[in-house]
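User: I would like to go through the helix packing and the metal site of this model. Could we begin with the packing?
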Amino acid sequence: MQNCAKNIAEYIKKHTDIEVVTHQDADGIAAGSIAKKALEREGVNATITVLKQLDESFVQTADKSASKLYWFTDLGSGNLDLLTDLNVVITDHHELEVNDIELSQQERTNLMELSRVLTRTHNDFKYHLNPHLFDLDGVNDLSGAGATYLVAKAMRPENIDLSTLAVIGAVGDLQDVEHGRLIGTNRKILEDAEKIGNVKSQIDIRFFGRESRPLHRFLMYANDPVIPGLSKSESRCINFFKELGVPLKSGEHWRYWVDLDSTERKLVISELTLILVNNDMNPDEVNRMVGEIYILPNEQIRTEVHDAKEFATLLNSCGRYGAADIGIKVCLGNRMEALSSARKMLKGHRSNLVEMLKIVRDIGVSELEFVQYFNAKDRINENVIGIVTGMMLNSGELDTSKPLLGFALCDDGKNIKASVRVARQNSEFNLNLSDVMRTAAGEIGGIGGGHSIAAGAQIPAGEEEHFLERVNELLRK
Ligand code: C5P
Ligand code: C5P
Ligand code: ZN
C-alpha cells in the first residue's frame, strides 16, 4: 500500500487544478480535510465537493480535461465504471464493484480474485488505493480518511500530523467497535498520531459521552452493551451512583466521566460488570464495555474535540445536515466560530436521533425470513436513516440475528434511500451486504454498495416491496 500511496502522491504533485470529492459522513469529512490540507502544503488551493453518494449526475457535469484532477476520498471504489472518462485518484475503503452474488462460493472467490488482479492492473485506475486491493478489509483495517492519509504522508513527511484526522475518520466509521480497539493499518496510523503526541490511547469505559454527558445520562444512554435495569432509566442511574457513593455533582456542576478519579472509575466499572454477569450476558458482550478510547490531549478537555469518538459525532452532525463545510473547518483547526456552529448542529443531531428512534418504535419493525425492516417514508431524513438503522438494531430491543433494513424517502421525493446493518453481536456474518444492495438495487434501476456489514442503496419510490423481496431472496441464497 505504501508503494501505491507513493505513486499516487507523485501523480498528484504533477497537478495544480485539483478538486477533492468526498462523502458527507464523519470519515468522509476527515478524509476530505486531509486531502485539502496536504494539497495546501503543496501550494494548491483545492475545492472540496461533498456528496451523499457518487452517481451519474456528478460525472455528467464534471470537467473531462486531462489537466483537471479529481481526488475521490471515501468514495469512488464502488463506482469505477462511472469514472472512466475522468482524470482521477481514489483513496477509499468501500467494496469494489464487480461481484455477481448468485455464483457459487468458489466461483465467487475466483471472480473476486480475478477482479482484484484486474483492478490492480487496470490502466484507467492506476491511482487507486483501497485496502480491498491488498486483501485487507475496509471495515476494520482502514477507513477512507486512513487511505487518504497514507497518500498525504507519502506527499510530505510533515503530513504525519494529519494522522489525527485519520484516527477520527476510522472511529467515525466504527472501525474500533468490533475489537474494542483500532487494528491493522489503522493501528499503524494511530502509532503515527501517538508518536507526535496528537492522540493518546487509553483503556477505559467505551460508552459515548465521557466528556460531554453528566454521569447519570452517560449511563442512561449506554447501549454497547445495554445495561439491564439502567439503560434508559434516568432515576435508576442516579440511584446507582448514589448507592456507590460516587457524587453526581461537584459543587454546582455536574460531574462527567472524565472527572472521576481512577478509584471511582474502577468501582463503577466493576459494579457494571457484576450487573452484566448477573444478567447472564456472555463474556464477549461484557468485554465490549471496556476497551481503547482515543484522547486528543492538545485539545481542551470536556469539549467534543478532546475525544476522537465525540469529534467524529460532531462531524457527522455537520455533514448529515448539509453543513459539511463547518466540519471541514473544524478539522482544519478552527476552534472559534466553526466549532461553536458545529456544537449547535450536534445538539440538533442528538435530539433528532432520539426523536427518530421513537418514530421507528412507533412504525414497528416487520420481519421477512432473512431480513427485518421498517419504512419511515418521509418521517426520517435520508441522511440519517443509516445511523438510525444501526442504533435501532443495537438498541437491545430487536432480534439481532437478522440484518435490519430501513427505508426513507429521499429529499428529491422520487427515490427511496435504503440502509442496512448487521448487529455488532453478529459481526462474523458471512455475507456481503454491499453485494446484496448493489445487485437488488441495480435490477430496478437503482444504485447501491458499501461494506459487508453496513450498506446502502437508492431505488425508485414505490419499489420498496419488490426490493425487499429481492434482498430476502439474495440473503437466502
Ligand atoms: O461510507 P462509509 O464507509 O464512511 O460508512 C461506513 C458505515 O458503516 C458507517 O455508517 C458506519 O456507521 C457503518 N458501520 C457499522 N458497523 C460497523 C462498522 C461500520 O454500522 N461495525
Ligand atoms: O447511507 P448508509 O449509512 O446506510 O451507508 C452505508 C454504507 O453504504 C456507507 O459506506 C455508504 O457509503 C455506502 N453506500 C453506497 N452506495 C449507496 C448508499 C450507501 O456505497 N448508494
Ligand atoms: Zn468511510
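This is a predicted model: local features need pLDDT of at least 70, side-chain atom pairs count only at pLDDT 80 or more; totals for chains, interfaces and linings use all residues.

User: At what angle do α16 and α17 cross?

Analyst: Helix α16 (residues 433–442) and helix α17 (residues 464–476) cross at roughly 140°, and their axes come within 9 Å. That makes α16 oblique to α17. The crossing of these two helices, α16 and α17, is right-handed.

User: Which residues of α16 and α17 meet?

Analyst: From α16, L433, V436, M437, T439, A440 and A441 meet F467, R470, V471, L474 and L475 of α17. By class, the contact of α16 with α17 comprises nine nonpolar residues, one polar and one charged.

User: And how do α5 and α7 pack?

Analyst: The axes of α5 (residues 144–155) and α7 (residues 184–195) are 11 Å apart, at an angle of about 50°. Helix α5 is therefore oblique to α7. The crossing of α5 and α7 is left-handed.

User: Turning to the metal, which residues coordinate the zinc ion (ligand 3)?

Analyst: D27 (OD), D74 (OD), H93 (NE2) and D173 (OD) coordinate the zinc ion (ligand 3), at 2.1 to 2.3 Å. Angles among the six donor atoms run from 60 to 170°, and the site is irregular.

User: Where do D74 and H93 lie?

Analyst: D74 is in the loop between β3 (68–73) and β4 (88–91), and H93 is in the loop between β4 and α4 (105–121), so the pair ties together parts that are 19 residues apart in sequence.

Methods:
Residues are numbered from 1 along each chain as its sequence is written. Chains are lettered from A and ligands numbered from 1 in the order in which they are written. Side-chain values use heavy atoms; hydrogens and water are left out. Axes are lines fitted to C-alpha atoms, for helices over the stretch in contact, and angles run from 0 to 180 degrees between N-to-C directions. Helices (H or I, at least four residues) and strands (E, at least two) are DSSP runs, numbered from the N terminus. Angles under 35 degrees count as roughly parallel, over 145 as roughly antiparallel, 65 to 115 as roughly perpendicular and the rest as oblique. A crossing is left-handed if the near helix is turned anticlockwise from the far one by less than a right angle, and right-handed if clockwise. Donors are N, O and S atoms within 2.8 Å of the metal (3.2 Å for Na, K and Ca); water is not among the atoms, so sites may look incomplete. Four donors count as tetrahedral if all angles lie between 85 and 135 degrees; four count as square planar and six as octahedral if opposite donors are over 155 degrees apart and all others between 65 and 115; anything else is irregular. Contact means heavy atoms within 4.5 Å. Ala, Val, Leu, Ile, Met, Phe, Trp, Tyr, Cys and Pro count as nonpolar, Asp, Glu, Lys and Arg as charged, and the others, Gly among them, as polar.
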